[in-house]
Amino acid sequence: MPGLLSSPVCLTVIWFLSWSLRPSRAQIRTDEVSGVQFGRLESNVTLACGKSQIRTPVVWHLNRSSALPWHKLTSDGTLVLLRANHSAQGNYSCYDNRGLLLHSVKLRLGHPPGLLSISCQVPNHTHVRCSWVEAVKTFLPATYNASLRGTGQEWRPCVVDVVRKHCDVDHPAFWQTIHTLRVTETNALGSETTSVRFKLHELLKPDPPESLLVKELEGYPKRLIVSWNFPSSWPLHDAFPLIFQIRYRPQGSVYWSEVYSEESPVVIFDALAGHFHQVQVRARDEVNSESQWSEWSPLHLVRPWEENLPPEGDYPDYFFPFNSKPETSTEKSNNAALPEDEGNLGLVILLVLFSVVILTTVLSLIFVVWVRQRRRDHVTKQELTSMVKMKSMPI
């Protein structure tokens, strides 16, 4: 038996097995990182070379390179990154003096959460959506927890969409005056809670009316028929009616005319014949006067009926360029006014008449004052004469 173990064939087999079972240096170098460590940007970050307390010389690599950011190395092999910035992120590995991997870790840098900027939208009486924006860019993955409550109520969860950074609550307590929303952001470096208070009835803002349609009325060159649908997000038409504002103007004019209505359709009776008109509509809760108007619907362009219309797309060159700038004036366009010369003549006549009236009034006042003054002087003279006569009479 000892002769068998000492034979060349047996020794070769034993050497091959021991070599194949020995972990190679290349295999150790390519092992994946064992975990993730987080640190604050622009601060000192400490990376330990595993849990071993044996003080042996070690070598650190960043992403398999010996080039390291600004750092210092302690006697126990700990690597301290000084005022670490984004360039210090990556996979760190430490090796002993034989090149064997002792420890590896992935470093991610960022900031702890800060306060959030929160805004809420209330498109109807049954839904609230609140969204937020980070005031501090953390550069780290975060989780969010949100909840809502009315005055004197318990907290209700607000369902969070982490990707879009908003949360939703269905059927909020609209009868409560004040509501409070709190959102907590958490990442590997800490957490921060932001709270806001608001009134749902003041935030109520319907979506714009849909399917706006403006048509000409055959045989009437100054009329247009405007129709629309309720916003699809406003399901309770009967319980919560809407009031609608329709505005229209000749294309190129800066003045809007406005019409209010509770129902669709609406007939416009004073369109400018032969001209294209821009028409829009918006909505608001009819009962709640503190609610907000919706955004305007997209502009709709149409021309009233007229005989012998040119083919579609073949429009005269005198039409004004398209101008979609919103205006708030309720005056109507005066494109159909009298010619400029006649208007100036009428203005001159009015000014002359006004001047004559003013002059006549002033002269009348002067005459009245003069007459009154003469009467006073006459009375005063008579009184003085009587006094002189009385003094000259013997006693």
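Tutor: Let's start with a definition: a charge sits over a ring if NZ of Lys or CZ of Arg is within 6 Å of the ring centre and within 35 degrees of the ring normal. Keep in mind that this is a predicted model.

Student: Thanks! How far from the centre of the ring of W296 is the charged end of R247?

Tutor: The charged end of an Arg is followed through its CZ, which has to be within 6 Å of the ring centre. R247 has its charged end over the ring of W256, 4.1 Å from the centre. Over the ring of W296, the distance of that charged end from the centre is 4.0 Å.

Student: Now the ring pairs. Are the planes of W132 and Y144 stacked, edge-to-face or tilted?

Tutor: Searching the whole structure gives 5 aromatic pairs. Planes under 30 degrees apart count as stacked and those over 60 as edge-to-face. W132 and Y144 have ring centres 5.4 Å apart and planes at 45 degrees, so this pair is tilted.

Student: Is F367 buried or exposed?

Tutor: F367 pairs with W370, their ring centres being 6.3 Å apart. Residues count as exposed when their relative accessible area is over 50%. W370, at 47%, is partly exposed. F367 has 52% relative accessibility, so it counts as exposed.

Student: Which residues do ring pairs link into a cluster?

Tutor: Rings pair if their centres lie within 6.5 Å. Linked in this way, the cluster consists of W228, F230 and F244.

Key. Residues numbered from 1 in each chain as written. Predicted model: local features only at pLDDT ≥ 70, side-chain atom pairs only at ≥ 80, totals over all residues. Heavy atoms only, no water. Phe/Tyr/Trp six-rings, centres within 6.5 Å; stacked < 30°, edge-to-face > 60°. Buried < 20%, exposed > 50% of the residue type's maximum accessible area, 1.4 Å probe, protein only.
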